[in-house]
Amino acid sequence: MAENTIAAGKVAWVTGASSGIGKAVAERLAARGMTVAISARSEDKLTAIADASNGITAFPLDITNDDAVTATIDDIEGRLGPIHLAVFCAAVWAVQDIEELDVPTVQKGMTVNFNGTVATLIPLAHRMMERKSGRLAIVASVAGYRGLPRAGAYGPTKAALINLAECLQPDLKRHGVDISIINPGFVDTPMTEDNDFPMPFLMEVAPAADRIIKGLSAGHYEIAFPWQTVWFLKLMRMLPNRLFLWLMRKGVAKQA
């Protein structure tokens, strides 16, 4: 019988936990009796969250600093115990027209969203493999299902994370470790509040976090929502390239 992902007394680690989905997930894990470590670059915000909960401890971290990542994992496990569940939420978001698209923004997206997740996931995966238990949960996005206009600095990073989870799942499973990929649609967070375009089926943070907790509790590999956006984009993924790209060009022309 599979070990419970969310279990009172076990240790969870949430990155990108200073706001939005990461913060909400961390609070829900603590409410279920888990001992929760939270990380992000903003020490003040983390401290405020930890001070408001008996079950949360702040571990400030820049996930792009490999040495700091290793030291933080050592610190968490030394103070709280073995990490049983990790939810990797840290991300940056940028929307750019082709005229605005620049190299630093695209590179920053990959550095934080993909490389930062890799830097936190891989060393922890090795520890979990030695213990033959644990679950790694990567927050990607439905934007990673297929290339979308204006998402050149964001979508590819999430597509890479989806692919990474698929690459790792079979081997991790052999070692007793589970992995989940979390693909939200639009969620009303500080990351999306400045978007200058319609966001269909926009969700509030609370129900989005509830969906994640429910999916993790059930041990799901993919946790994706809302269903309308998920199934629309999964349908787009099945279309021939010629038809899909024509539809995307029509959409861009309509907004111009």
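Modeller: The model is predicted, so local features need pLDDT of at least 70, side-chain atom pairs count only at pLDDT 80 or more, and totals for chains, interfaces and linings use all residues. Residues are numbered from 1 along each chain as its sequence is written, and side-chain values use heavy atoms, without hydrogens and water.

Biologist: Why are H4 and H5 called roughly parallel?

Modeller: The axes of H4 (residues 103-131) and H5 (residues 155-174) cross at roughly 15 degrees. Angles under 35 degrees count as roughly parallel. H4 and H5 are therefore roughly parallel to each other. Their axes come within 9 Å.

Biologist: Which residues make the contact of H4 and H5?

Modeller: Contact means heavy atoms within 4.5 Å. H4 gives residues including Phe114, Leu121 and Met129, and H5 gives residues including Leu161, Leu164 and Leu168. By class, the contact has twelve nonpolar, four polar and one charged residues. Ala, Val, Leu, Ile, Met, Phe, Trp, Tyr, Cys and Pro count as nonpolar, Asp, Glu, Lys and Arg as charged, and the others, Gly among them, as polar.

Biologist: What makes up the lining of the second largest pocket?

Modeller: Lining residues have an atom within 4 Å of a pocket grid point. Among them are Arg211, Lys214, His220 and Phe225. Helix H6 (205-217) and strand E7 (222-225) each give two or more residues. E7 gives the largest share, four residues.

Biologist: How do the lining residues of that pocket divide?

Modeller: The lining has four nonpolar, two polar and three charged residues.

Notes. Axes fitted to C-alpha atoms, helices over the stretch in contact; angles between N-to-C directions. Parallel < 35°, antiparallel > 145°, perpendicular 65-115°, else oblique. 1 Å grid on protein atoms, 1.4 Å probe; cavity = no way out; pocket = protein on both sides within 12 Å on 5 of 7 lines; lining within 4 Å.
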